[in-house]
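Me: Please take a close look at the aromatic rings in this model. I would like to know how they are placed and what lies around them.

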Amino acid sequence: QVQLVESGGGSVQAGGSLRLSCAASGFTRSSYVMTWFRQPPGKEREFVALISRSGDDTAYAGSVKGRFTISRDNAKNTVYLQMNGLKPEDAATYYCAAAIGMWSRARDMEYWGKGTLVTVSS
């Protein structure tokens, strides 16, 4: 049974940092491109960042580029999202997802976690 489990969410003040983790089980994570999405309250789910199978290639949404860093440890079957310089507009439920391609649309993801909540106070 494939399972993605996010952790690391919480409440921070603007300017603070959090590191999210996504642990995979039931499949070999290195077989998939891993992606982070987020969904602010009352809004649609949006792409945040993705990382290739090897970890050599990454892509970011313009709104987080330069502040967020995605990485992966295939030996631990875990992908990370380091978030620095958090802003109130970054508040959302963050989801990790797995896909076979370097895609940024939610509908193209094959597996999803249940999300972890990030709140940012101004």
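Reply: Buried here means under 20% relative accessible area, exposed means over 50%, and partly exposed is in between (1.4 Å probe, protein chains only). The model is predicted, so local features need pLDDT of at least 70 and side-chain atom pairs pLDDT 80 or more, while totals for chains, interfaces and linings use all residues. Residues are numbered from 1 along each chain as its sequence is written, and side-chain values use heavy atoms, without hydrogens or water.

There are 4 aromatic pairs in the structure (Phe, Tyr or the six-membered ring of Trp, centres within 6.5 Å; stacked if the planes are under 30 degrees apart, edge-to-face if over 60, otherwise tilted). One of them is Phe37 with Trp112: the ring centres are 5.0 Å apart and the planes stand at 50°, so this pair is tilted. Phe37 belongs to strand 4 (residues 33-39) and Trp112 to strand 10 (residues 111-112), so the pair joins distant parts of the chain, 75 residues apart (strands are DSSP E runs of at least two residues, numbered from the N terminus). Phe37 is buried at a relative accessible area of 1%, whereas Trp112 is partly exposed at 29%.

Trp112 also pairs with Tyr95, and this pair is edge-to-face, with 6.3 Å from centre to centre and 85° between the planes. Tyr95 sits in strand 9 (residues 92-99) and Trp112 in strand 10, so here the link is between parts 17 residues apart in sequence. Tyr95 counts as buried, with a relative accessibility of 13%. Through ring pairs, Phe37, Phe47, Tyr95 and Trp112 are linked into a cluster.

A charged side chain faces two of these rings. Arg45 lies over the face of Tyr95, 3.7 Å from the ring centre, and over the face of Trp112, 4.7 Å from the ring centre (CZ of Arg within 6 Å of the centre and within 35 degrees of the ring normal; NZ is used for Lys).

Glu6 is in contact (heavy atoms within 4.5 Å) with Tyr95 and, beyond four places in sequence, with others including Cys22, Trp36, Tyr94, Cys96, Gly113 and Lys114. Glu6 is part of strand 1 and counts as buried at 8% relative accessibility. Glu6 and Ala23, 17 residues apart in sequence, have their C-alpha atoms 6.5 Å apart.

Strand 1, which holds Glu6, takes part in an open sheet of 4 strands in the order 1-3-8-7, with antiparallel pairing (paired strands share at least two DSSP bridges). Strand 1 (3-7) and strand 7 (68-73) are at the edges with a single partner strand each, so one side of each has no neighbour in the sheet. Strand 3 (residues 18-25) and strand 8 (residues 78-83) run antiparallel and are joined by 6 bridges. Cys22, a contact of Glu6, stands opposite Val79 in strand 8.

The loop between strand 7 and strand 8 contains Asn77. Asn77 is not a glycine, yet its phi is positive, about 55°. Asn77 is buried, with a relative accessible area of 19%.
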